[in-house]
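Here is a short note for a colleague who has not looked at this structure before. Please read the points below with the structure open.

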Amino acid sequence: MSVERRPPRGPRSWWPWLSLLPLGIGSWAPIYAGVRARVKSWIALGAGWSAITLAGWIAAVSAGKNSSIAGLLLIVGWVGGAATSFVIRNQYEQAVGSPLLDATDRAQQRLSDRRRALALARDNPSLALEVGVGRPDRPGAVDLGLVDVNNASVTGLLTLPGVDGDLATRIVETRAATGGFSTLEDLGATLDLDGGLVESLRGHVVCLPRQAHSSSDTSDTPHAPT
């Protein structure tokens, strides 16, 4: 019978010890954990304990050192912040130490940014052009995993799924002759593309207005020898 061996645990998180600072000074520690792990409930708890501690300090200043209410508030905020910090430490370490969770968060952010970029290309194409949406071939551009088939170079077009050198060249030559494509469906119909290929491009293609004298039409397109 084999026994599953767990990987050795790394150094424990240091931030919970901040919550032990005297008189509730570190009661905000759960906020740090919540921001790092993206857990709103921890942020809310930290904010709550911090608010109680702050109320205690205000009461102490207003009523003097003999205020029992001020002392009670300070103790509640201090103990609450410390207890919360050490209770959530294991969950925090699992959340920030998981490559899968990190990758999932990054993927969700990319998908969210891509949806916003698609909306920007639809609603404000001039701004999308300025930002560089769909231009993986342009240094400094924020392409967000999209390709602008009306302006991207052959190099940029080759990043699209199912697009090879011949098709990328056809796109460049056709858009130069026709003034560009209005939609993905227009691209597919004009170039007589297979329906499956068109669907594989959905969510990856934008059709922004053609930029005058676009160098991408000439820099990557092969020319016949003279």
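1. Helices α1 and α4 are roughly parallel to each other, because their angle falls under 35 degrees. The model is a predicted one, in which local features need pLDDT of at least 70 and side-chain atom pairs count only at pLDDT 80 or more, while totals for chains, interfaces and linings use all residues. Residues are numbered from 1 along each chain as its sequence is written, and side-chain values use heavy atoms, with hydrogens and water left out.

2. Helix α1 covers residues 29–37 and helix α4 residues 89–96, and the two pack at about 25 degrees with axes 10 Å apart. The crossing of α1 past α4 is left-handed.

3. On the α1 side of this packing stand Y32, A33, R36 and A37, which meet Y92, A95 and V96 of α4, contact meaning heavy atoms within 4.5 Å. The residues of this contact divide into six nonpolar, no polar and one charged.

4. For the chain as a whole, the secondary structure comes to eleven helices and two strands, where helices are DSSP runs (H or I) of at least four residues and strands runs (E) of at least two. Along the sequence the pattern reads α-α-α-α-α-α-β-α-α-α-α-β-α.

5. Of the 226 residues in the chain, 35% are buried, that is, under 20% relative accessible area with a 1.4 Å probe. Among contacts between residues at least 6 apart in sequence, 56% join residues at least 24 apart. The accessible surface of the chain is about 13600 Å², and 60% of that surface belongs to carbon and sulfur atoms.

Terms used. Axes fitted to C-alpha atoms, helices over the stretch in contact; angles between N-to-C directions. Parallel < 35°, antiparallel > 145°, perpendicular 65-115°, else oblique. Left-handed = near helix turned anticlockwise from the far one by under 90°. Nonpolar A, V, L, I, M, F, W, Y, C, P; charged D, E, K, R; others polar. Buried < 20%, exposed > 50% of the residue type's maximum accessible area, 1.4 Å probe, protein only. Areas by Shrake-Rupley, 256 points an atom, 1.4 Å probe, with all protein chains shown as cover.
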